[in-house]
Amino acid sequence: MTDKQRARLAMLQATLGVLTDHTPLYLTNKALTAARLSLAALVAGLDPTAATQQAAGAAPKPGAVKQKTKARLASLTAETAAALLAYADEIQDISLHTDADYTEKGLLRATDNDLPRIAKNIHTRANELLTPLKEQGVTQQELTDLAAALAAFKAEQAAPRVSTADTKAQNAALAADLRTATALLRNRVDKYLVRYRRPQPGFHTAYQSARQIINTAASKEKPTPA
């Protein structure tokens with residue numbers, strides 16, 4: 001929630017408070033009573049929405065993958081690649097040698113988009129050549145572990161994107177609720193209160209005061225040049 005939205009929510013809460021405190025003055029006014037109940041429902045829903053939005057907004061940025069997961073994927077990929085490289089040298093397969101020529105340090109420097117592509121290719125080639133690779137100690141469990149590390153990396157890579165999408169949806173819902181509540185005041189309650197200006201000046205003044213939005217996002221005044 002932005003500072004401007006917080007200021008608007010504070011105004012809505014203050015206005016609702018005034019309307020609630022002066023309920024006895026307009027018990028017979030069904031329109032104003034209904035408007036107050038609608039406003040109360042909107043304000044009640046705004047706080048939880050804002051809290052959810054802020055929690056989601058604290059999620060990692062898209063593509064921010066935990067270093068521990070990346071390090072594990074790089075390590076397992078490098079170990080399997082080393083076995084493939086040795087086999088490529090043994091059978092003098094230049095293509096396989098090129099595909100497997102990766103070090104753990106180099107994999108750690110790879111981008112979050114390149115690393116899973118490389119790891120998947122290493123895993124695929126190792127699966128295809130598992131029988132001869134067994135002579136170098138490569139096991140099916142090793143390839144299973146590599147596949148699991150790749151899946152974990154991709155999951156963490158995708159999670160922040162989901163959080164960002166959720167945040168955008170919550171932002172939109174929050175903004176919509178604030179607009180609806182403000183429109184309710186402007187188009188209905190403000191007009192209803194005109195009839196209370198003379199018979200109930202205290203009520204009317206308190207309402208008008210609560211309706212003022214205090215923008216906490218106002219920038220500080222710049223110092224006057226000497």
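Good morning. In helix 1, the residues Met11, Ala14, Thr15, Val18 and Leu19 meet Phe203, Ala206, Tyr207 and Ala210 of helix 9. Of the residues in this contact, eight are nonpolar and one is polar, while none is charged. Please keep in mind throughout that the model we are viewing is predicted.

Let us consider how these helices are arranged. In general, a pair of packed helices is described by the angle between the two axes and by the distance between those axes. Here, helix 1 covers residues 3-21 and helix 9 covers residues 201-210; their axes come within 8 Å and cross at roughly 170°. Angles over 145 degrees count as roughly antiparallel, and therefore helix 1 is roughly antiparallel to helix 9. The crossing of helix 1 past helix 9 is right-handed.

I turn now to helix 3, which comprises the 25 residues 67-91.

Directly after helix 3 comes Gln92. Where is Gln92 placed? Gln92 belongs to the loop between helix 3 and helix 4, the latter being residues 94-100. Gln92 is not a glycine, and yet its phi is positive, at about 55°.

Finally, is Gln92 buried or exposed? Its relative accessible area is 70%. The cut-off for an exposed residue is over 50%, so Gln92 counts as exposed.

Thank you for your attention.

Terms used. Residues are numbered from 1 along each chain as its sequence is written. This is a predicted model: local features need pLDDT of at least 70, side-chain atom pairs count only at pLDDT 80 or more; totals for chains, interfaces and linings use all residues. Side-chain values use heavy atoms; hydrogens and water are left out. Helices (H or I, at least four residues) and strands (E, at least two) are DSSP runs, numbered from the N terminus. The expected span of a helix is 1.5 Å times one less than its number of residues. Axes are lines fitted to C-alpha atoms, for helices over the stretch in contact, and angles run from 0 to 180 degrees between N-to-C directions. Angles under 35 degrees count as roughly parallel, over 145 as roughly antiparallel, 65 to 115 as roughly perpendicular and the rest as oblique. A crossing is left-handed if the near helix is turned anticlockwise from the far one by less than a right angle, and right-handed if clockwise. Contact means heavy atoms within 4.5 Å. Ala, Val, Leu, Ile, Met, Phe, Trp, Tyr, Cys and Pro count as nonpolar, Asp, Glu, Lys and Arg as charged, and the others, Gly among them, as polar. Buried means under 20% relative accessible area, exposed over 50%, partly exposed in between (1.4 Å probe, protein chains only).
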